[in-house]
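Hi,

Here is the structure I said I would pass along.

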Amino acid sequence: LEELESLTINNLGQLTEIPASIGSCINLKTFSLQRSGLISLPEEMSGLKNVTSVTITNNPNLKRLSEGFYDMTEVVTLNINSNPSLDCELSENIRKMDKLKGTLSLYSNAFTGPIPEGIGYFKEVTSLNLSNNWLTKIPESIGDMTKLQTLSLYDNNFVDSDLSGGLPASLGKLKNLTTLSVYTTDAAKE
């Protein structure tokens with residue numbers, strides 16, 4: 001499969017594992033995993049050095065992203081959405097994906113803990129959606145995302161956490177920001 005450039009896995013609920021040999025798909029540029037039974041992503045994804053687009057959506061059993069996942073440093077487009085069992089912290093290693101631009105979409109998962117400080121490395125991202133997770137802190141580095149136009153952080157666990165004193169002052173540096181959504185509608189998160 002060394003010549004494979006695009007891999008789409010869709011509607012395979014019985015798929016619970018991606019073989020380690022995925023790391024040998026050195027020409028892969030697009031990776032899409034939707035509606036699978038997968039529980040985790042293999043460490044060998046670190047071998048996918050040419051992937052530029054990743055979509056991981058609607059995988060009800062997916063519980064974690066491997067650290068090797070963040071070694072795909074050529075990723076420009078990243079969409080990880082609607083994976084309700086993905087209840088891990090976003091790794092600080094996400095900053096390795098510093099070529100991200102346009103929309104960074106990480107909504108409706110179960111990400112916990114603080115938003116990583118490394119989020120500020122994404123200078124070319126114009127839209128960031130981290131809504132509907134269990135995130136607890138917005139880092140000051142978010143103000144370094146100078147091209148950000150849309151920031152969606154609603155339905156997280158910011159109540160009774162580090163927002164008791166207000167939003168980070170660094171949001172004031174986002175001169176291109178036109179839409180900011182930070183609120184909670186889930187009483188369980190209050």
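In strand 5, Ser 105 is the bridge partner of Asn 79. That belongs to a pair of bridges joining strand 4 (residues 77-81) to strand 5 (residues 101-105), and the two strands run parallel. Strands here are DSSP runs of E, at least two residues long, numbered from the N terminus, and two strands pair if DSSP finds at least two bridges between them.

Before you read on: this is a predicted model, where local features need pLDDT of at least 70 and side-chain atom pairs count only at pLDDT 80 or more, while totals for chains, interfaces and linings use all residues. Residues are numbered from 1 along each chain as its sequence is written, and side-chain values use heavy atoms, with hydrogens and water left out.

Next, Asp 71, which sits in the loop between strand 3 (53-57) and strand 4. Leaving aside neighbours within four places in sequence, Asp 71 is in contact (heavy atoms within 4.5 Å) with Ser 46, Lys 49 and Lys 96. Lys 96 is 25 residues from Asp 71 along the chain, yet their C-alpha atoms are separated by 6.7 Å.

As for cysteines, there are zero disulfides, taking a disulfide as a pair of cysteine sulfur atoms within 2.5 Å. Cys 25 is buried at 4% relative accessible area, where buried means under 20% with a 1.4 Å probe and protein chains only. Cys 88 also counts as buried, at 18%.

Cheers

Key:
Helices (H or I, at least four residues) and strands (E, at least two) are DSSP runs, numbered from the N terminus. Buried means under 20% relative accessible area, exposed over 50%, partly exposed in between (1.4 Å probe, protein chains only).
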